[in-house]
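Subject: Model for you to look at

Hi,

Here is the model I promised to pass on. Please open it alongside this note; my findings follow below.

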Amino acid sequence: MRLLTREALLSFRRAPLLSTLSVTTIGFSLFTLGLFGLVAINLREALRGLEERVEVVAFVLRGTPAETITLATQDIAAFPEVEDVVYVTEEQALARARRELVEFRDAYRDLQVNPLPASIEVRLKAGYRDAATAARVAERLRGFEFVEDVRFGRDWVQKLDHLRNITGIVGLVIGLAFAAVAVVIIGVTIRLTLLQRAREISIMRLVGATNWFIRGPFLLEGALKGLMGGFLSLLLCYGGYLLFRDRSGGTFGGLIFFHPVQMAAIVVFGVLLGLFGSLVSVGRHLRHV
Amino acid sequence: MIRLTHVDKSYPNGALALRDVTFRISRGEFVLLTGHSGAGKSTIMKLLFAEQRPTSGEVRVSGYDVTSLRRDEIPKLRRRLGIVFQDFRLLDDRTAAENIAFALEVTGARRDTINARVARVLAQVGLSAKSRAHPRELSGGEQQRVAIARALVNDPAILVADEPTGTLDERATRGVFQLLRDINAAGTVVVMATHDLDLVRQARYRTIELRDGSVVYDSAEDEPDAVEAGR
Ligand SMILES: Nc1ncnc2c1ncn2[C@@H]1O[C@H](COP(=O)(O)OP(=O)(O)OP(=O)(O)O)[C@@H](O)[C@H]1O
Ligand SMILES: [Mg+2]
C-alpha cells in the first residue's frame, strides 16, 4: 500500500503539467455541475418560500351587494384549509394597483372608470399550501354565483419549476462535457506516463508483477486527481457563491450552499471520474507496453 | 522441470521461428542453448517464461502448461523463474539493492524479509560492497551480477539466461559463468542461451544446438563428436 501511494504521488512529479491539467479539468467539470446545482437548489428554496404565499383569489361580479360578500367571507373562513380571508373592494384594488405597479401609475390615474374588480383573497393554512389544495379551494369558490373568476398561483409556480429543471439540464450537459474532457486528459496523462515507464513496467512483468499491481498506482493516481479536482470544484463553487451573495447585496441574502452530503457527493463523483479515466486508459494502453 | 513437445512457433508476421522442437530438462541440469543468430534461441527462452505461446505443440515449465496458461497465472509462473538478459534490464534510477528489492516488492513481500533476502543475494554475487551504487556506476559484469541477484532473490526453481555474457569481456564472462555454475550447483536448473562457442566447448554441460528453428544436436542424446561433425 505504501509503495502504491508513493508511486501515485511520483506521477505528479513525472508529469506536473498534465497532472495539474487533469486536476483542473475535473475541478472545472464539477464546478460547472456544482454551480448549476447551486442555482437549482436555491431556486427550489425560493419556491418553497413562495409556496407560503399561495393564495386563491376570487374576483367578484360587479354590483354584488356587500352583505352577500360579508356572509360569504364568513363561510369561506370556516373552510378547514383557510387561514384568513380578506375582501378587497374595487377602490382598494385600484389604490393598490397605483401603489404597486409604478410603471402603470399614469395609466391608472387617467382612468374614468375603474377596470379592476373587487376580490376575495384567501390565504391557506400551513400544510395546505400546495397546488392541489389551492385547486380544490378554487373549485369551491367558483360555486358562489357572484364569483366571476378564480385564480391561484399555480401557473407561475409551475413556470419556476420548469426554469429549475432547465437550469439543471443545462448544468448537467455542460458539466458532462467538461467531465468527458477531463476523462480524455486523464487518459492522455496516463498514456504518457505509461510510455515513460514502459521499461519499468516490462521489468515489473518479468519479475512476476500481477496486472493489478501494475495498474494499481495508475488507478490510485486517477482517483487522487479526482479527489483533488473535487475539492477544487467545491472551493470554486464556494467562491462563486460568496461572490454572488455579496454582490447581490441582500436581494439574494437567503442564498444557501451545499449540504455536507451534497459536497461529499461532488467529491465522490470526482474520484469516480478520475478512476474511470485511468481505468479506461490503462486498460487500453497497458497491453501495448 | 521443463518439457517441450513438438513445438512450432511462428510469429504474426509469418516468420517460422521454431520447427518441431522437442526436449526435456530435468532437476539439477545446466543446459546451454546454442545456434546461429536467428536460430530461435531467444524464442525458446520467451516460451519458457510465457512471453510467447507456442503455435502448436506443448510447453511445460515447473508444472505450468504455457500453451494454455491463463493471463493471470503468468505472474505465478514468473515468480518461480529467474530471468536474465544480455542487456541487464536494470532501472537506472534505483540502486543495486533497490533493483533487487523491486522483484520482491512486486510480490508483496514484507520489508524485513526483503532486506534480509537482498543482503543475502548481494553477498552471493559478491557485490555487498556496491549495494548502494546505481547501474551507471557499475561495470557491465557488475550490472549483470545485480541482474542475476535480482533473478535469484525469489529463490527460483529455474534460471533462464538469454546471452547473459553477450556484451561482457572475457574476464567478466568467466566471472558471470562461474556464478551461474555455482547457482546450478546449489540446485537451481539453469538454461542459458549463448553463441560463445569457447564457453560451450570448455564447459562439459549439456548443449542443445538449434539451426533455423530446429534442434540439430542435443548432447544428451547424440554422440559428443557430432558437435564437430555438425559444423
Ligand atoms: N517478435 C518477433 N516478431 C517477428 N519475428 C520474430 C520476433 N522475434 C524473433 N523473430 C524471428 O524469429 C526468428 C528467431 O529469432 P530469435 O530471436 O529466437 O533468434 P536468436 O537465436 O535468439 O538470435 P540471436 O542470436 O540473434 O539473438 C528470427 O528469424 C527472427 O527474425
Ligand atoms: Mg536472441
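The crossing of α3(B) and α5(B) is right-handed. Bear in mind throughout that this is a predicted model.

First, more on that helix pair. Helix α3 covers residues 96-105 of chain B, and helix α5 covers residues 140-152 of chain B. Their axes come within 8 Å and cross at roughly 30 degrees. That makes α3(B) roughly parallel to α5(B), because angles under 35 degrees count as such.

Which residues meet there? From α3(B) come A96(B), N99(B), I100(B) and A103(B). Facing them in α5(B) are V146(B), A149(B) and R150(B). By type, the contact of α3(B) with α5(B) divides into 5 nonpolar residues, 1 polar and 1 charged.

Next, the sheet in chain B. It is open and has 4 strands. Their order is β2-β1-β4-β5, and the pairing is antiparallel. Two of the strands, β2 and β5 (64-65) of chain B, stand at the edges. Each has a single partner strand, so one side of each is left without a neighbour in the sheet.

Some detail on the strand pairs:

- β1 (residues 2-10) and β2 (residues 16-25) of chain B are joined antiparallel over 6 bridges. One bridge partner pair is V7(B) with V21(B), the latter in β2(B).
- The hairpin of β1(B) and β2(B) has 5 residues between the strands. In this hairpin, G14(B) takes a positive phi near 100 degrees.
- β4 (residues 56-61) of chain B runs antiparallel to β5(B), with 2 bridges between them. V61(B) has Y64(B), in β5(B), as its bridge partner.

Helix α1 (residues 41-48) of chain B lies across β1, β2 and β4 of chain B. Relative to β2(B), helix α1(B) runs at about 60 degrees.

Last, the interface between the chains. How many residues does each chain bring to the contact? Chain B gives 18 residues and chain A gives 15 residues. The area buried between chain B and chain A is about 1500 Å². Carbon and sulfur atoms give 60% of that area. On the chain B side, R78(B), F102(B) and V106(B) lose the most area to chain A. Together these three account for 31% of what that side buries.

Best wishes

Terms used. Residues are numbered from 1 along each chain as its sequence is written. Chains are lettered from A and ligands numbered from 1 in the order in which they are written. This is a predicted model: local features need pLDDT of at least 70, side-chain atom pairs count only at pLDDT 80 or more; totals for chains, interfaces and linings use all residues. Side-chain values use heavy atoms; hydrogens and water are left out. Two strands pair if DSSP finds at least two bridges between them. Contact means heavy atoms within 4.5 Å. Axes are lines fitted to C-alpha atoms, for helices over the stretch in contact, and angles run from 0 to 180 degrees between N-to-C directions. Angles under 35 degrees count as roughly parallel, over 145 as roughly antiparallel, 65 to 115 as roughly perpendicular and the rest as oblique. A crossing is left-handed if the near helix is turned anticlockwise from the far one by less than a right angle, and right-handed if clockwise. Ala, Val, Leu, Ile, Met, Phe, Trp, Tyr, Cys and Pro count as nonpolar, Asp, Glu, Lys and Arg as charged, and the others, Gly among them, as polar. Buried area is the accessible area (1.4 Å probe) that two parts lose on being put together, summed over both.
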